[in-house]
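Subject: Structure for you to look at

Dear colleague,

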Amino acid sequence: MKVWLLLGLLLVHEALEDVTGQHLPKNKRPKEPGENRIKPANKKVKPKIPKIKDRLSADSTPKTPSIMMQMMDKGRFQKPAATLSLTAGQTLELRCKGNKIGWSYPAYLDTFKDTRLSVKQHERYGQLTLVNSTAADTGEFSCWGQLCTGYVCRRDEAKTGSTYIFFTEKGELFVPSPSYFDVVYLNPDRQAVVPCRVTVLSARVTLHREFPAKEIPANGTDIVYDVKRGFVYLQPHSDHQGVVYCKAEAGGKSQISVKYQLLYAEVPRGPPSTTISASANKVKGGDDVSVLCTVLGEPDVEVEFRWIYPGQKDERPVTIQDTWRLIHRGRRHTTRISQSVLTVEDLETIDAGDYICTAQNPRGQTTVATTVEFS
């Protein structure tokens, strides 16, 4: 009887172990009450908290390797840093790997078609060379590979390179400007930049209003300073108008920039807002008539005019004169008024009909018309 009782107890004990799964490994200690029973696979109790750099690199798009190299002394090459400081007068040579390379560099070098700049394409790389560098050459230099199908090429975003270069020159803390006074237009729907860039990366730069005389703080919310662009007005408004200048300090020296006139222009962006009118819509033979086409638009946006008129096919002689000027409207707003005047003298029968004006800017075109009839 005792034997059967012992066998029964053993069977019940094994069944309980199968149900609860509480076999203890021989080399493991028993779990303490409340202790986590699931151990990480890597046997580390504390979870690894990724560093900020790791999180940023995981969230951001992987950077493509730069294809740009800088020629150093003694025939050495190295990848340029994001920003470089070179002494004015030095020769700059950049190379970018690829059999078809596009380049971009400070517009100043293109504007005057500077012979100091040379861009060549070799079999395996593109080469940019700038000799006798000056402080005015300070800016972004970049390159990219091109994917071409026939004569049509597009930029290869996987093959790019760039560096911003400060050319330091004695007595020049600011990048020289071609004029002593410049105009900056303030539009409420986009940023405005006061382009006082420096040639010394470590320079301290401040923005000042001429009248009333005071420093304008770059508080990081309304105005920020970008060493590659200048002072950026993030949300321009009419109170920002006035004459301003920048002051730079570096190495115990200070310098004042050129002055900038800030003008506010609250004009809707889009195709030209165009009107047309004739000096007379009812005319007689031998009269003179002028047709005026007018556009009100943004101060810094140019407008082009095209005309279609009744005597055009017969090569009727006409006079066309295009002009523009800035006008100040209510609440200190500034607008550009562009006009084109078509004049016909000594009218004939073929001059009667529709006079059509098309005004075009970078955002589109508008066509308007008026009719001139013989009375």
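What follows is a short account of the disulfides and of one threonine.

Please keep in mind throughout that this is a predicted model. I describe three of them here, among them the link of Cys-148 and Cys-153, whose sulfur atoms are 1.9 Å apart.

That link is right-handed, with 105° about the S-S bond. Are its two cysteines buried, exposed or partly exposed? Since buried means under 20% relative accessible area and exposed means over 50%, Cys-148, at 33%, counts as partly exposed, and Cys-153, at 32%, is partly exposed as well.

The disulfide between Cys-196 and Cys-246 has an S to S distance of 2.0 Å, and because the torsion about its S-S bond is about -50°, this disulfide is left-handed. It links distant parts of the chain, with Cys-196 in the loop between strand E11 (192-194) and strand E12 (204-209) and Cys-246 in strand E16 (residues 242-250), and the two cysteines are 50 residues apart. Both Cys-196 and Cys-246 are buried.

Cys-293 and Cys-357 are likewise joined by a disulfide, with 2.0 Å from S to S, and the torsion about their S-S bond is about -85°, so this disulfide is left-handed. Here too the pair links distant parts of the chain, since Cys-293 belongs to strand E21 (residues 289-297) and Cys-357 to strand E25 (residues 353-361), 64 residues apart. Cys-293 is buried, with a relative accessible area of 0%, and Cys-357 is buried with a value of 0%.

Now to the threonine, Thr-163, which lies in strand E9 (residues 152-168). Thr-163 has a relative accessible area of 0% and is therefore buried. Which residues does Thr-163 touch, if those up to four places away in sequence are not counted? They are Met-68, Pro-80, Ala-81, Ala-82, Thr-83, Leu-84, Gly-139, Glu-140 and Phe-141. Of these, Ala-81 places its backbone oxygen 2.7 Å from a polar atom of the side chain of Thr-163, while Gly-139, 24 residues away from Thr-163 along the chain, has its C-alpha atom 8.5 Å from the C-alpha atom of Thr-163.

Terms used
Residues are numbered from 1 along each chain as its sequence is written. This is a predicted model: local features need pLDDT of at least 70, side-chain atom pairs count only at pLDDT 80 or more; totals for chains, interfaces and linings use all residues. Side-chain values use heavy atoms; hydrogens and water are left out. A disulfide is a pair of cysteine sulfur atoms within 2.5 Å. Buried means under 20% relative accessible area, exposed over 50%, partly exposed in between (1.4 Å probe, protein chains only). Helices (H or I, at least four residues) and strands (E, at least two) are DSSP runs, numbered from the N terminus. Contact means heavy atoms within 4.5 Å. A polar contact is a pair of N or O atoms within 3.5 Å; within protein, one must be able to donate a hydrogen and the other to accept it, and residues adjacent in sequence count only if both atoms are side-chain atoms.
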